[in-house]
Amino acid sequence: MKAKALNKATPVNLASHSYWNLAGHDSGHILSHTIQIFGSHITPVKDDLVPTGAIQPVKGTPYDFVQPHEIGSKLTQLPGGYDINYVLDPTEGSRRRRHLHKVAVVQEPKSGRKMELWTNKPGVQFYTSNMLKDTEGKGGFVYQKYAGLCLETQGFPDSVNHPNFPSQFVDAGETYDHVMVYRFTAHTTKRGSSVSLN
């Protein structure tokens, strides 16, 4: 995604709100998917889901997916589900504008499908479709809560009001450049073969 500030500094923070269910869109919930998020901190939020301005470690909390876990394994510890921005851990060269770093790995055990997400942005919003209800979609299938997950790479939400967050201002004449790369693989255990789709 690209945007250009024409005549003055402008805050820009775009995100893609795509829903994913690697078992198939009509397979039910995503709670048995395994996810690993390469972010050891989150930006906690108030009741209205606006960040407080703090940056907190995930260790010892239900937000800890530094190591892979089933999404549903810690869900009972949260009211409603996941909807939080993760602070992505820096990798070598990730401070450079165009450098891509790994955001997350999602796997679905029955299908053998795996999705990797890479970006050049500092954060990712992890959302488990907590507010989805009776929503008709592809082929007339009706989606319910937890039917899909979202991984929205981004700058930190509400960064204009928190000087400790990375700035999302784009100077006049400069270009906002947001890169997301999805990499899909599938592994079939019967034949031991795998297919990679980029």
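Okay, let's start with Tyr86: beyond its neighbours within four places in sequence, Tyr86 is in contact (heavy atoms within 4.5 Å) with Ile37, Gly39, His41, Ile42, Val58, Tyr63, Phe65, Pro122, Gly123, Val124 and Phe126. Quick caveat: this is a predicted model, where local features need pLDDT of at least 70, side-chain atom pairs count only at pLDDT 80 or more, and totals for chains, interfaces and linings use all residues. Residues are numbered from 1 along each chain as its sequence is written, and side-chain values use heavy atoms, with hydrogens and water left out.

Now, the core. By nonpolar core I mean buried Ala, Val, Leu, Ile, Met, Phe, Trp, Tyr and Cys residues joined through side-chain atoms within 4.5 Å; buried is under 20% relative accessible area, exposed over 50%, partly exposed in between, with a 1.4 Å probe and protein chains only. The largest one holds 27 residues, and Tyr86 is among those with the most contacts inside it, along with Ile35, Ile37, Tyr63, Phe126 and Leu151. Two or more residues each come from β3 (34-37), β7 (83-87), β8 (101-108), β9 (113-119) and β10 (123-127). Those strands are DSSP runs (E, at least two residues), numbered from the N terminus. β8 gives the largest share, three residues.

So what about the aromatics? Rings of Phe, Tyr and Trp (its six-membered ring) pair if their centres lie within 6.5 Å; planes under 30 degrees apart are stacked, over 60 edge-to-face, the rest tilted. That rule gives nine aromatic pairs. Take Tyr63 and Tyr82: ring centres 5.8 Å apart and planes at 80°, so they're edge-to-face. Tyr63 sits in the loop between β5 (56-57) and β6 (69-70), and Tyr82 in the loop between β6 and β7, so the pair ties together parts 19 residues apart in sequence. Both Tyr63 and Tyr82 are buried. Phe156 and Phe165 are edge-to-face too, because their ring centres are 5.2 Å apart and their planes at 85°. Phe156 is buried at 3% relative accessibility, and Phe165 is buried at 4%. There's also an aromatic cluster, made of Tyr63, Phe65, Tyr82 and Phe126.

Last stop, Met115. You'll find Met115 in strand β9, buried with a relative accessible area of 1%. Which residue lies 69 residues from Met115 in sequence but 4.6 Å away, C-alpha to C-alpha? That's Phe184. Not counting residues up to four places away, Met115 touches Trp20, Leu22, Ala104, Val105, Val106, Leu151, Tyr182, Arg183 and Phe184.

How values were computed
Helices (H or I, at least four residues) and strands (E, at least two) are DSSP runs, numbered from the N terminus.
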